Amino acid sequence: MAVNWIAFHLTDRCQLDCQHCLRDPGQKPKDLSLATIRKVLAEAKRLYRTRQVALTGGEPTLHPELEGVLDAIVEHDFTWHIVTNGRRFEQLLGLLRDGPARRERLTAVNLSLDGADETTHDGIRGKGSFRDVMKAVTLCTAHGLPFTLQMVLHARNVHQIEAFGLMAAQLGAARASLSMLQTTGTHHDEALYLPPHAWQDAQHRIERLSAALTMPVTMPEGFYREQIFHVCEAMKSESLHVDVEGRLNLCCQHAGVPSEGPPRDVAADLATTSLLEAHGRLLGIIHETQAAKLAAMARGPLGAWDHFPCNWCMKHFDKPHWTDEGAGGPSAQRERWRGAWAKKVTLPVVR
Amino acid sequence: MTEPRLPRPNPQVLFTELDDGTGVLLHLDTKFYFTLNAAAVIVWKSLAESIADPGVIAARITSLFRVDRETAARDVDSVLREMLEDGLVLPA
Ligand code: SF4
Ligand code: SF4
């Protein structure tokens, strides 16, 4: 067990308005401070000898000091990968061109693609987005940059698992990743919901796809586990997550998601607390969570949804989660102001 | 005299220009990539502008590269043929 990577939630800014998004476009966008990033990088290198950094968002290429972030990564001797919607890929390429050391340390570009065809993907992510990703894929291929295609599955695209995998392989992706939709807390949940048995079907199909393709096909944390007591990567401290406010929190799935009462998944503000101390507090949160799960198991019986570790976790932290009836837990105050699917339109937000 | 008509880009093909003037086409139906040299990029861009005369494309090429008009015209012809065969462009 080691702290293998640190994830920085760089910004809440994004040009898209995906139906399954967990961020709140109604809020003034925040950016993670470069000073906090530099502090955490130095501490992680010294404490754990961590090597890898993940840049996520929002859309991380919209961080106003992305160049400085990449230089800090180089300076502190980390390698990095980025999760992007591909819309600003040419700008990112420009930063790599201007700094060969940034490029040498880039291990992968993770492109979000939520359908195996334009209609499905754009129906979820917005018009023009599929071609942005395809352009980014082409540029990765032309420049020899390894890329992963990652899909968030739900009722609107689950029929495309196989087509997605085949497409990723044909395009020359280094990996295809298929993850399970987390409850957004918005009215979209109704249309995106799948019951537990449908998720298990999807999981079996992904496993079969993985066996059929030579390219790796992976499933991030969240899918069904026979054994309810399961310790994820985040709970093993193999990854540490810094949210957009510069706080160490449990994992990326928790960041920005509304909770009933004050968030219990936040360990400390890393601008004012050392990583060592924050990590110590995080272990307390993890221990409490695992103890609560053991207690729930002892109380029993648990339902089908409790076999999905992230769903149990979200429920435990009083956050939106799936139930047999659909979505449970608090609602997110994030009515979409763009897009034909918004039921209500609130005031436009300048981004 | 009627103007010669040229094929048009297949809307299912995505063009990406690279910094060195070359380009890549990605066929979204087959997921095949096709590399274009700088002259083929000029051909593609001309088709996208709906240039209808291959002579105009050949003239663009001769103005940018050290190549005579006849060779350029032959090259344009052969690029267009290959693009048609690969479904990158659609017949006029
Ligand atoms: S690209 Fe990511 S951050 Fe942006 S709206 Fe979509 S899911 Fe949200
Ligand atoms: S939501 Fe909970 S169980 Fe899922 S990855 Fe995060 S910390 Fe682990």
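Tutor: Chain A has 11 helices and 12 strands, where helices (H or I, at least four residues) and strands (E, at least two) are DSSP runs numbered from the N terminus. The model is predicted, so local features need pLDDT of at least 70 and side-chain atom pairs count only at pLDDT 80 or more, while totals for chains, interfaces and linings use all residues. Residues are numbered from 1 along each chain as its sequence is written, chains are lettered from A and ligands numbered from 1 in the order in which they are written, and side-chain values use heavy atoms, with hydrogens and water left out.

Seven of its eight residues are buried, so α11(A) is largely enclosed by the rest of the structure; buried means under 20% relative accessible area, exposed over 50%, and partly exposed in between (1.4 Å probe, protein chains only). The buried residues are A:Pro309, A:Cys310, A:Asn311, A:Trp312, A:Cys313, A:Met314 and A:His316. Their cover includes α10 and β11 (321-323) of chain A.

Leaving aside residues up to four places away in sequence, A:His316 touches A:Arg264, A:Glu288, A:Thr289 and A:Ala292, a contact being heavy atoms within 4.5 Å. Helix α10 of chain A covers residues 275-299 and contains another histidine, A:His287. A:His287 counts as exposed, at 57% relative accessibility. The C-alpha atoms of A:His287 and A:Met235 are 8.6 Å apart in space, although the two residues are 52 apart in sequence.

Next come the backbone features on either side of the helix. Most residues other than glycine have a negative phi, and most peptide bonds are trans. In the loop between α10 and α11 of chain A sits A:Pro301, joined to A:Gly300 by a cis peptide bond with omega of about -15 degrees. After α11(A) comes A:Asp318, with a positive phi near 55 degrees. A:Asp318 lies in the loop between α11 and β11 of chain A, and at 29% relative accessibility it counts as partly exposed.

Two further sites in chain A show such backbone features. A cis peptide bond with omega of about 25 degrees joins A:Gly57 and A:Gly58, and A:Gly58 is in the loop between β2 (52-57) and α2 (66-75) of chain A. A:Ser237, not a glycine, has a positive phi near 60 degrees. A:Ser237 lies in the loop between β7 (217-218) and β8 (239-242) of chain A and is buried, at 6% relative accessibility.

For the setting, 55% of the 351 residues of chain A count as buried. A compact globule of 351 residues would have a radius of gyration near 20 Å, and the 19 Å of chain A agrees with this; the radius is taken over C-alpha atoms, and the globule rule is 2.2 Å times the number of residues to the power 0.38. The C-alpha atoms of chain A fill a box of roughly 55 × 50 × 50 Å along the principal axes. Of the contacts in chain A between residues at least 6 apart in sequence, 74% join residues at least 24 apart.

The largest nonpolar core holds 92 residues, and those touching the most other members are A:Phe8, A:Leu55, A:Trp80, A:Met134, A:Leu149 and A:Trp199. A nonpolar core is a set of buried Ala, Val, Leu, Ile, Met, Phe, Trp, Tyr and Cys residues joined through side-chain atoms within 4.5 Å. Helix α6 (residues 129-143) of chain A gives the most to this core, with seven residues. Apart from this core lies another, of 22 residues, including B:Leu36, B:Val41, B:Trp44 and B:Leu88.

Chain B has three helices and five strands, in the order β-β-β-β-α-α-α-β from the N terminus. The radius of gyration of chain B is 13 Å, close to the 12 Å from the globule rule for 92 residues, so chain B is as compact as a globular protein of that length. Of the 92 residues of chain B, 38% count as buried.
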